[in-house]
Amino acid sequence: MDKHMQLFQGTAFSSKSSKEIQILKDYLFCINTDGMIEKIVAPEDADYQPLLDAYQGTSSFHRLADGQYFLPGFVDLHVHAPQWAQSGTALDIPLYDWLNTYTFPLESKFSDLDFAQKVYDEVVSTLLANGTTTALYFATVHKEASLLLAEICANKGQRGLVGKVVMDDPEQNPEYYRDADTKAALADTEEFIIAVQELAKSTKQGVYPVVTPRFIPSCTDEGLKGLGELAAKYDTYVQSHCSESDWAHGYVQDRYNKNDAFALHDFGLLRDKSIMAHCNFLDDPDVDLFAQTGTAIAHCPVSNAYFANSVIPVAHIHSKGVEIGLRSDISGGFSPSLFDNIRQAVISSRMLEDGVNTYLPAEERGVPGSRITIHEAFYLATAGGGESLSLPIGRIQENYTWDVQVIDTKCPSAKLPIFDENEDLQDIFQKIMYLARPEHIREVWVQGEKVHSR
């Protein structure tokens, strides 16, 4: 083995499939200088003991303490970075009012780079401390502040996919917060893409530019068409909101006489690198179009409970071959933790399956076959996010990045309820999923570099 290799020893949990986890008990993980998992060695393998003998006692050897476990780093597929400043407020009003009363005034302040630096520093550090190693960010309409967010991700070691938001329709956006005009929106987007691609060349874990029409209601047809062309020209990721609420879904039907999915596709915005947020009101032809184009869905269970007027049928959509990942949707979702969103994804799916209106008989109350398990929700937060982005992330397996969180179940102030030292590891996994908080996340590594420790 290369002397520059790092060797980690411990028990890891990773998704084997969307419904099943793999438990790697007391394995060795060999991480190369590129931060990739070059080799995984089981205790019974012939080279297990020789590797231990070679590495023990060196600074390249890391052994987990008793009660500690590796999980893959979380992949958060939709974060409004500027909205961190309003997280936990104003969640009790409709989406349209929320945007205009709270969100747009806040986002307009990011023309001030000092303010942007303060908020963006905090949000990236907070997400890393919550185990999020890869994040797909909406920034604001401001090119300079959006580039600053990409630089902060690069410097703090998070894999950041960042979009300068486009809001170019003067009819639909407030005068104080929008692009100057369509031409400026497209020119700024192109300059932003080039600058982030340049920044990526010197960033180990990768940063990526993302073409980001906020959603159809904030963009002109010309703007949407131009963004589709830029995504194709530079082969970038694309992100937007799609069929989120009754209001947003209805607006697009009134404007184009079709659903968001088909409208976005007409502008070249559904592609293999597209990730669409929410998607609660997709019908089966929309879902089939997503599957055909390779478009992924960012599922936001906490935020949907506040703003989407609905529960998305995740199990049904996933069964039709669409890639789905999980996201926090700060600040429509109040929590920066994907653990909270994993839990809510399970809760929401159970409520959809069982129904909530007790005035109806049980058999008419819900949508059968809607539930997902904690294993499936964990998959969405890790491997599902990696597949949605077509990156080798979200799994602890060979040829994937060493993006991990070290969970300490014996954290002094918050021990998890594990009283049997031989407790079944499946049960320990479930306890971590349901009970872990940021203080249990002892370390976070991205691309083989330690980026957070507690």
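Which side chain does a polar contact of 3.2 Å join to that of histidine 80? Select histidine 80 and look for histidine 78: their side chains share that contact. Keep in mind that this model is predicted.

**Stop one: histidine 80**

Stay on histidine 80. It is found in strand β6, residues 74-80. Now show histidine 241. A polar contact of 3.1 Å joins its side chain to that of histidine 80. Next, display the residues that histidine 80 touches, leaving out those up to four places away in sequence: Glu107, Phe138, Arg214, His241, Asp329 and Ile330. Histidine 80 counts as buried, because its relative accessibility is 4%, under the 20% cut-off.

**Stop two: the aromatic rings**

The model has 21 aromatic pairs. Begin with phenylalanine 8 and phenylalanine 70, an edge-to-face pair at 6.2 Å centre to centre, with 75° between the planes. Phenylalanine 8 is in strand β1 (residues 6-15) and phenylalanine 70 in strand β5 (residues 68-72), so this pair links distant parts of the chain, 62 residues apart. Phenylalanine 8 is buried, with a relative accessible area of 2%. Phenylalanine 70 is buried too, at 1% relative accessibility.

Phenylalanine 29 lies in strand β2 (residues 21-31), so the pair ties strand β2 to strand β5 across 41 residues of sequence. Both residues are buried.

**Last stop: lysine 273**

Select lysine 273 and tyrosine 237. The charged end of lysine 273 sits over the tyrosine 237 ring, 5.1 Å from its centre.

Technical notes. Residues numbered from 1 in each chain as written. Predicted model: local features only at pLDDT ≥ 70, side-chain atom pairs only at ≥ 80, totals over all residues. Heavy atoms only, no water. Helix = DSSP H or I, 4+ residues; strand = E, 2+ residues; numbered from the N terminus. Buried < 20%, exposed > 50% of the residue type's maximum accessible area, 1.4 Å probe, protein only. Polar contact = N/O pair within 3.5 Å; in protein donor to acceptor, adjacent residues only side chain to side chain. Contact = heavy atoms within 4.5 Å. Phe/Tyr/Trp six-rings, centres within 6.5 Å; stacked < 30°, edge-to-face > 60°. Lys NZ or Arg CZ within 6 Å of the ring centre and 35° of its normal.
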